[in-house]
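Trainee: May we go through how such a model is read, one feature at a time?

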Amino acid sequence: MQPYDVLNIPSSCSVGNTIFKKHFYDTGDLSTSDKALFTQIEKIVWFYCLKPETINIPPYKDELRDYPEIEFIEISLVHDTKLCRIAEIIMRAIPYPLVLSFRLQDQLQLWTAHQRINFNDSSKNTLEEFVFTTWLKPTDELFPLLDITKMRFTNYFALYSDFLDTISIYNAQSRANVGDISGEEARQLTSQIDELEQKLASLRASLKKESQFNRKMELNIRIKQIEATKNKFLIGGSL
């Protein structure tokens, strides 16, 4: 069974077409280093297209956003390097909200990001913060939570927001002892944990290089303080 089966996307939305890398070379204005990143891509498949002709959900548009449809695209990889940059290139090149699946052997990562209208170039879009998973097995408990029949069919913005929020909450609950929280609260929590982990990594790197005893003591104390703060997040979800 494909992990997408539990999403309950109607067969009317199925596409199954290959998207050739040349499309992104032609439309993405890629640098030499960007094109080198694409050599790790084995195949790009357009799995689903959710639009009014394939599923009974109305489009959404306001002064900032235009969500006429939602695309599901899977990218099969040989290895994983700078996935954030690859996701950015693909999401900017396709002017619709995307659910990207990176596949590496028997593991998957899901990537999402809300987008806004690019008033300087209507063929592209402005991406907001990425929300993505770690590497998951196809049997991971997240996938049944992404059943679209349990989400809002008000419009494509509402549906995509529910999809993104579900991933955000899953990420937060995987990292900290939290109960029912909103998608926005989950993103704030994971952002705070990420910031603390980055500080810890920087301080530990400095500690390894430090030779003065007094400075080592200061760094160790600071590391212990940040670890204690992080543990409060992990145990209780907030300070």
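Trainee: Leaving aside its neighbours within four places in sequence, which residues is Glu 197 in contact with?

Mentor: Contact means heavy atoms within 4.5 Å. By that criterion, Glu 197 touches Arg 175 and Lys 230. The model is predicted: local features need pLDDT of at least 70, side-chain atom pairs count only at pLDDT 80 or more, and totals for chains, interfaces and linings use all residues. Residues are numbered from 1 along each chain as its sequence is written, and side-chain values use heavy atoms, with hydrogens and water left out.

Trainee: What joins the side chains of Glu 197 and Arg 175?

Mentor: A polar contact is a pair of N or O atoms within 3.5 Å; within protein, one must be able to donate a hydrogen and the other to accept it, and residues adjacent in sequence count only if both atoms are side-chain atoms. Glu 197 and Arg 175 are joined by such a contact, of 3.0 Å.

Trainee: Where is Glu 197 found, and how exposed is this residue?

Mentor: Helices are DSSP runs (H or I, at least four residues), numbered from the N terminus. Glu 197 lies in helix 6. Buried means under 20% relative accessible area, exposed over 50%, partly exposed in between (1.4 Å probe, protein chains only). Glu 197 is partly exposed because its relative accessible area is 32%. Buried residues of helix 6 include Ile 193, Leu 196 and Leu 200.

Trainee: How many residues of helix 5 are buried?

Mentor: Helix 5, residues 156-175, is mostly covered, with 14 of its 20 residues buried.

How values were computed: Helices (H or I, at least four residues) and strands (E, at least two) are DSSP runs, numbered from the N terminus. The expected span of a helix is 1.5 Å times one less than its number of residues.
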